[in-house]
Amino acid sequence: MVDHRLARRHLINEYRRGRLRIDQVCDAHPELIRAARNVGSESRSTCPICQETKLKLITYVFGSRLPSHGRCVSTAKELAALNGRSDDLTAYVVEACVECRWHHLLRVIPVGGKKGRRAV
Ligand SMILES: [Zn+2]
């Protein structure tokens, strides 16, 4: 499991120090914001940039026999089904703010595959 918290903290610090403009850190694709709004699950953390709202978490799964842009997974059941597949898949958990369009990759998690099923 790869953690992206350090990169995230770095970006936020750079923004707070004025080295990055808001449009450089808040540039989520409209598709991502739409997914966040419709199927995103609410995170416990407040947006680090605008501090206006709670962040949304969106999970995309990539792998063979999945769309090239990934499949947006909105339920634990759906993720469990993908985890039961024998293909090696990768889930990307992204946080996004529907107010200011901040977004960041939080975690990359291996899903499915023959090398033992992991609880996700
Ligand atoms: Zn925000």
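**Zinc site and strand pairing in the predicted model**

The four donor atoms around the zinc ion subtend angles of 107 to 114 degrees, and the arrangement is therefore tetrahedral. Ideal angles for four tetrahedral donors at a metal are 109.5 degrees. The structure described here is a predicted model. In this model, the zinc ion is held by the SG atoms of Cys 47, Cys 50, Cys 97 and Cys 100, at 2.2 to 2.3 Å from the ion. Along the chain, these donors follow the spacing C-x2-C-x46-C-x2-C. Two of the donors may be described further by their accessibility. Cys 97 has a relative accessibility of 0% and therefore counts as buried. Cys 100, at 14% relative accessibility, also counts as buried, because the limit for this class is under 20%.

Strand S5 (residues 88-96) pairs with strand S6 (residues 103-112). The two strands run antiparallel and are joined by nine bridges. Within this pairing, Ala 91 of the model stands opposite Ile 109 in S6. The hairpin formed by S5 and S6 has six residues between the strands, and Arg 101 in this hairpin adopts a positive phi near 70 degrees.

The model contains one aromatic pair. This pair is formed by Phe 62 and Tyr 92, with a distance of 5.3 Å from centre to centre and an angle of 90 degrees between the planes, an edge-to-face geometry. Phe 62 belongs to strand S3 (residues 54-62) and Tyr 92 to strand S5, so the pair ties together parts that are 30 residues apart in sequence. Phe 62 has a relative accessibility of 29% and thus counts as partly exposed. Tyr 92 is likewise partly exposed, at 29% relative accessibility. Both values fall into this class because it covers the range between the buried limit of 20% and the exposed limit of 50%.

A further position concerns a helix. Ala 35 is located in helix H3, which spans residues 30-39. With a relative accessibility of 12%, Ala 35 counts as buried. When neighbours within four places in sequence are left aside, Ala 35 is in contact with Gly 40, Ile 58, Tyr 60 and Cys 72. One of these contacts, Ile 58, falls within the residue range of strand S3 (residues 54-62). The C-alpha atom of Ala 35 is separated by 9.7 Å from that of Val 73, a residue 38 positions away along the chain.

How values were computed. Residues are numbered from 1 along each chain as its sequence is written. This is a predicted model: local features need pLDDT of at least 70, side-chain atom pairs count only at pLDDT 80 or more; totals for chains, interfaces and linings use all residues. Side-chain values use heavy atoms; hydrogens and water are left out. Donors are N, O and S atoms within 2.8 Å of the metal (3.2 Å for Na, K and Ca); water is not among the atoms, so sites may look incomplete. Four donors count as tetrahedral if all angles lie between 85 and 135 degrees; four count as square planar and six as octahedral if opposite donors are over 155 degrees apart and all others between 65 and 115; anything else is irregular. Buried means under 20% relative accessible area, exposed over 50%, partly exposed in between (1.4 Å probe, protein chains only). Rings of Phe, Tyr and Trp (its six-membered ring) pair if their centres lie within 6.5 Å; planes under 30 degrees apart count as stacked, over 60 as edge-to-face and the rest as tilted. Helices (H or I, at least four residues) and strands (E, at least two) are DSSP runs, numbered from the N terminus. Contact means heavy atoms within 4.5 Å. Two strands pair if DSSP finds at least two bridges between them.
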